[in-house]
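Please look at the sequence and the structure together before reading on.

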Amino acid sequence: INAEYMGENIAEVRLPTDEDWHFKIEFEGAEKDIYLVPEDKLEIPGSRGEACLVMGGKQTHKPATVAFLKATPYTSADSGKFKAIATFDCRGCELLEFYPRSGWSCESTGEKTFSNVDLSEGDWAEYDDKANESVTIYDVQARIEKTR
């Protein structure tokens, strides 16, 4: 997942790996909206591996899997440019779209942490009373980029 946002008085934004992440995926020729929790460890049938999402295949009779590899925070130095914030290994399916929703955490430049930040509307605003300044995230964009 690559993400970009503009913001004011933001030091770091991250998506906790114990929260639901929402996607549109392609699986067996159809598109579906799903959610997964990156920290989940599900056994893959017929394998010693684990994944955070395992779906049974009716056409291929082989499970499709999504395994979470890593997450990277988006920092103030990244503002205004796309940056990889998460990496997954997909087998038998393809992540098409990522839907930013709630669960994000944000640290202001005044070192105040905000939890359960909701970016489903594409923007968010709060007030850092320690630093006496507004904290905003806006123009949130996300895209899925394949890597090999």
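The model is a predicted one, and its cavity count comes to one when a volume of 30 Å³ or more is required.

**The largest cavity**

- The largest cavity holds about 60 Å³ of space, and its lining is made up of Ala 3, Glu 4, Tyr 5, Val 13, Tyr 74, Ile 85, Trp 104, Leu 119, Ile 137 and Val 140.
- By class, nine of the lining residues of this cavity are nonpolar and one is charged, while no polar residue takes part.
- At least two residues of the cavity lining come from each of β1 (2-8) and β16 (133-143), and β1 gives the largest share, with three residues.

**The largest pocket**

- The volume of the largest pocket is about 530 Å³, and among the 17 residues that line this pocket, Phe 88, Cys 90, Glu 145, Lys 146 and Thr 147 are the closest to its centre.
- Two or more residues of the pocket lining are supplied by β11 (86-91) and by β12 (94-99), with β11 providing the largest share, namely five residues.

Technical notes: Residues numbered from 1 in each chain as written. Predicted model: local features only at pLDDT ≥ 70, side-chain atom pairs only at ≥ 80, totals over all residues. Heavy atoms only, no water. 1 Å grid on protein atoms, 1.4 Å probe; cavity = no way out; pocket = protein on both sides within 12 Å on 5 of 7 lines; lining within 4 Å. Points joined across faces, edges and corners; volume = space filled by probe spheres on them. Helix = DSSP H or I, 4+ residues; strand = E, 2+ residues; numbered from the N terminus. Nonpolar A, V, L, I, M, F, W, Y, C, P; charged D, E, K, R; others polar.
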